[in-house]
Structure formats: C-alpha cells, structure tokens
Amino acid sequence: MNMNILLTTSKKPSKETISLCKKLKKLKPKKLTKTFFIYEPRGAKSFYQILDIARKKGLRRIAIIYDKNKAPFEMRFLSVSLKDWKWGKTIKISDYFKKVN
C-alpha cells in the first residue's frame, strides 16, 4: 500500500507556504524508504486536476495547505479512490507556524 501523500497548496500561495511545502517534502519517516510527501506545485491546476495527478501516481491521500493573511493557515486532507474522494481531517497550522518563525 502506498503511504505517500500528494502535497499541494491553495491557489496563489504565499512564499512561506511554498517554503513549508518544500521542507515537508524532505521529511522521511523511519519506516518508509521513499518520500512521504510528494510536492506538486499548484500553479493554475484545478482541484480536479490535482485529484487526477494523485490517482495517476497511485496515491490515496492529498494534503492541501491553505493560506490566510499571506501565511500557512491550515492543512486539509483528502482520501482519494479511483472514482471518488472525500474530505478528511483539517489541521490548523497557523499558530504553530507563528511560534517557529
């Protein structure tokens, strides 16, 4: 089972959000030999294009980092199957990001 997660942003992300995505893609859990987060820059891609990319890569999960006030605000997870998708958990990251910077 592929445990990797496609990581992307909302449209027009801040520099801080792009930086966070690049840092997250470098994380490697000890039990996995491959990358945990696979970063896909959003650009002009629609939500459904992101779903298609995940499916073509055989990924079952997507994480989207959203901005608020030009900073990372929350990470929303989705579960993806060949024909369907559904929203999962949302993690508020804005408070943590302020403490780190």
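**Glu40, helix 2 and the sheet**

Biologist: Where is Glu40 found?

Modeller: Glu40 is found in the loop that lies between strand 2 and helix 2. Helices (H or I, at least four residues) and strands (E, at least two) are DSSP runs, numbered from the N terminus. This is a predicted model, in which local features need pLDDT of at least 70 and side-chain atom pairs count only at pLDDT 80 or more, while totals for chains, interfaces and linings use all residues. Residues are numbered from 1 along each chain as its sequence is written, and side-chain values use heavy atoms, with hydrogens and water left out.

Biologist: Is Glu40 buried or exposed?

Modeller: Glu40 counts as buried because its relative accessibility is 14%. The term buried means under 20% relative accessible area, exposed means over 50%, and partly exposed lies in between (1.4 Å probe, protein chains only).

Biologist: Which residues does Glu40 touch?

Modeller: Not counting residues up to four places away in sequence, Glu40 touches Leu6, Leu7, Thr8, Lys45, Ile50, Ile53 and Lys57. Contact means heavy atoms within 4.5 Å. Glu40 and Ile53 are 13 residues apart along the chain, and their C-alpha atoms are separated by 8.8 Å.

Biologist: And what do the side chains of Glu40 and Lys45 form?

Modeller: They meet in a salt bridge, at 3.3 Å from N to O. A salt bridge is a side-chain nitrogen of Lys or Arg within 4 Å of a carboxyl oxygen of Asp or Glu. Lys45 counts as partly exposed, at 23% relative accessibility.

Biologist: How many salt bridges does the count come to?

Modeller: By this rule there are 2 salt bridges. Asp52 forms one with Arg55, and the closest N and O atoms are 3.8 Å apart. Asp52 and Arg55 are 3 residues apart in helix 2, which means that about one helical turn separates them. Asp52 is partly exposed, with a relative accessible area of 38%, and Arg55 is partly exposed as well, at 22%.

Biologist: Turning to helix 2, which of its residues are buried?

Modeller: In helix 2 (residues 47-56), the buried residues are Phe47, Ile50, Leu51, Ile53 and Ala54. They lie on the same side of helix 2 because they cover an arc of only 160° around the axis; the arc is that of the directions from the helix axis to the C-beta atoms. On the other side of helix 2, Tyr48 and Lys56 are exposed.

Biologist: What covers the buried residues of helix 2?

Modeller: The cover includes strand 1, strand 3 (61-68), strand 4 (71-80) and strand 5 (85-92).

Biologist: What order do the strands of the sheet have?

Modeller: The order is 2-1-3-4-5, in an open sheet of 5 strands with mixed pairing. Two strands pair if DSSP finds at least two bridges between them. Strand 2 (37-39) and strand 5 stand at the edges with a single partner strand each, so one side of each is left without a neighbour in the sheet.

Biologist: How many bridges join strand 3 to strand 4?

Modeller: Strand 3 and strand 4 run antiparallel and are joined by 8 bridges. Ile62 stands opposite Leu78 in strand 4. Helix 2 packs on this sheet and touches strand 1, strand 3, strand 4 and strand 5. The direction of helix 2 makes about 100° with that of strand 5; axes are lines fitted to C-alpha atoms, for helices over the stretch in contact, and angles run from 0 to 180 degrees between N-to-C directions.
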